[in-house]
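Visitor: Hi! I'm new to this one. Could you walk me through it?
Guide: Happy to. Let's bring it up on screen.
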Amino acid sequence: EGILEEDVTDLFLKLPADKKAEFRQKGEETAKEVREIVAKPKINFRKIFSLIKDWLKLIPGVNRFFLEQEAKIKTDKILLVTEGEKQRGQDQIT
């Protein structure tokens, strides 16, 4: 959730109250689905990217380039953190 929240706080604060609730709910659903995906042995990059991109589309008037870039950055960070956690888990076993 922390990674998803990065760099969208300002945009979130500018949303109308009804959009904030929708954006927050969709963000929580997205975070849950991402957690389920990274818990699997094989991580699906495209699925994570798609989930994040769909969530960011809820921001009205968002630039398509920003949307793609932000979704890619967040997906890369999630994969990096996940790989680090899996590596630490392997190191503790050995």
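Guide: We'll start with the overall fold and then turn to one residue.

Visitor: Great. What kind of model is this?
Guide: This is a predicted model.

Visitor: Okay, how many helices and strands does the chain have?
Guide: There are five helices and zero strands. Following the sequence, you read the pattern α-α-α-α-α.

Visitor: And what box do the C-alpha atoms fill?
Guide: Along the principal axes, that box is roughly 50 × 25 × 20 Å.

Visitor: How much of the chain is buried?
Guide: Of the 94 residues in the chain, 30% are buried. As for the surface, the chain exposes about 6,600 Å², and 53% of that comes from carbon and sulfur atoms.

Visitor: Is Glu70 buried or exposed?
Guide: Glu70 has a relative accessible area of 6%. Buried means under 20%, so Glu70 counts as buried.

Visitor: Which residues is Glu70 in contact with, beyond its sequence neighbours?
Guide: Setting aside neighbours within four places in sequence, Glu70 is in contact with Glu6, Asp7 and Leu56.

Definitions and conventions:
Residues numbered from 1 in each chain as written. Predicted model: local features only at pLDDT ≥ 70, side-chain atom pairs only at ≥ 80, totals over all residues. Heavy atoms only, no water. Helix = DSSP H or I, 4+ residues; strand = E, 2+ residues; numbered from the N terminus. Buried < 20%, exposed > 50% of the residue type's maximum accessible area, 1.4 Å probe, protein only. Areas by Shrake-Rupley, 256 points an atom, 1.4 Å probe, with all protein chains shown as cover. Contact = heavy atoms within 4.5 Å.
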